[in-house]
Amino acid sequence: FTDVNEDAYYFDAVLWAVKNGVTSGTTATTFAPSATCTRAQAVTFLWRAMGSPEPTMTGNPFSDVAANTYYYKAVLWAVEQGITVGTTDTTFSPNAHCSRAQIVTFLWRSAESPKASAVNPFADVATDAYYADAVLWAAEEGITSGTTETTFSPNADCTRAQIVTF
C-alpha cells in the first residue's frame, strides 16, 4: 500500500490483517489508515479474525442490515456472542463511526470480559464508564497504550490503522 510506510506504528498490523484475511485495502494500492472505522467494518474485522464462524442466530432483528451485505453474518455473530448490540432494538447503524471506547469494548467482550488488575492510567476514563474495564484490560494486555501516557481518548473515532493494531 502506498499509504502505509514501513516506519508507521501500524505497518506490521496491516500486513498481518491483510495476510490473515481480516481486511484488505480500500483500493489495490491504498489502505486508508486514517479513515474512520464503521460499526460494520469493526464487527467484520473481529469476526474474520475469529475465523468467520457461522452465526446460529436465525432471525435478523435489524432493519438496516440486509442479508446480502458483507457484514450480515458478522453482525449476527457479534450480537449472539454478546460483543455488541444494536443502536436501537431494530437498528444496528452499520455506517456509524466507531469510537476507540467501542472498539476496545468489542475486543474485551470477545475475550469474555476478563478482569484487569491494572491501575487506571488514563485521566479521561471514568471508573464508572461502560468501557472502563475494557480499557484497563486493553492497557494491561498491551493492546493499547493510549493516545498519550495519561489519555485514552475514548470518544475519538477509531481509525483503520488503530483497529488493526488493536
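Start by selecting Lys-73, which is partly exposed, with a relative accessibility of 35%. You are looking at a predicted model.

The side chains of Lys-73 and Glu-54 form a salt bridge, 2.9 Å from N to O. The structure holds one salt bridge. What does the pair tie together? Glu-54 sits in the loop between α2 (39-49) and α3 (72-80), while Lys-73 belongs to helix α3, so the bridge links parts 19 residues apart in sequence. Is Glu-54 buried or exposed? Glu-54 is exposed, at 51% relative accessible area.

Now show helices α2 and α3. Their axes come within 8 Å and cross at roughly 80 degrees. That makes the two helices roughly perpendicular.

Zoom in on where they touch. From α2, select Val-43, Thr-44, Leu-46 and Trp-47. From α3, select Lys-73, Ala-74, Val-75, Trp-77 and Ala-78, which those α2 residues meet. Colour this contact by class: you get seven nonpolar residues, one polar and one charged.

Stay with Val-75. Leaving out residues up to four places away in sequence, Val-75 touches Val-43, Phe-62, Val-65 and Phe-92.

Then widen the view to the largest nonpolar core, which has 51 residues. Which residues have the most contacts inside it? They are Val-75, Ile-103 and Ile-163. The elements giving two or more residues to this core are α1 (11-19), α2, α3, α4 (100-110), α5 (132-140) and α6 (160-165). Finish on α3: its seven residues are the largest share of the core. In soluble globular proteins, nonpolar side chains tend to be buried together.

How values were computed
Residues are numbered from 1 along each chain as its sequence is written. This is a predicted model: local features need pLDDT of at least 70, side-chain atom pairs count only at pLDDT 80 or more; totals for chains, interfaces and linings use all residues. Side-chain values use heavy atoms; hydrogens and water are left out. A salt bridge is a side-chain nitrogen of Lys or Arg within 4 Å of a carboxyl oxygen of Asp or Glu. Helices (H or I, at least four residues) and strands (E, at least two) are DSSP runs, numbered from the N terminus. Buried means under 20% relative accessible area, exposed over 50%, partly exposed in between (1.4 Å probe, protein chains only). Axes are lines fitted to C-alpha atoms, for helices over the stretch in contact, and angles run from 0 to 180 degrees between N-to-C directions. Angles under 35 degrees count as roughly parallel, over 145 as roughly antiparallel, 65 to 115 as roughly perpendicular and the rest as oblique. Contact means heavy atoms within 4.5 Å. Ala, Val, Leu, Ile, Met, Phe, Trp, Tyr, Cys and Pro count as nonpolar, Asp, Glu, Lys and Arg as charged, and the others, Gly among them, as polar. A nonpolar core is a set of buried Ala, Val, Leu, Ile, Met, Phe, Trp, Tyr and Cys residues joined through side-chain atoms within 4.5 Å.
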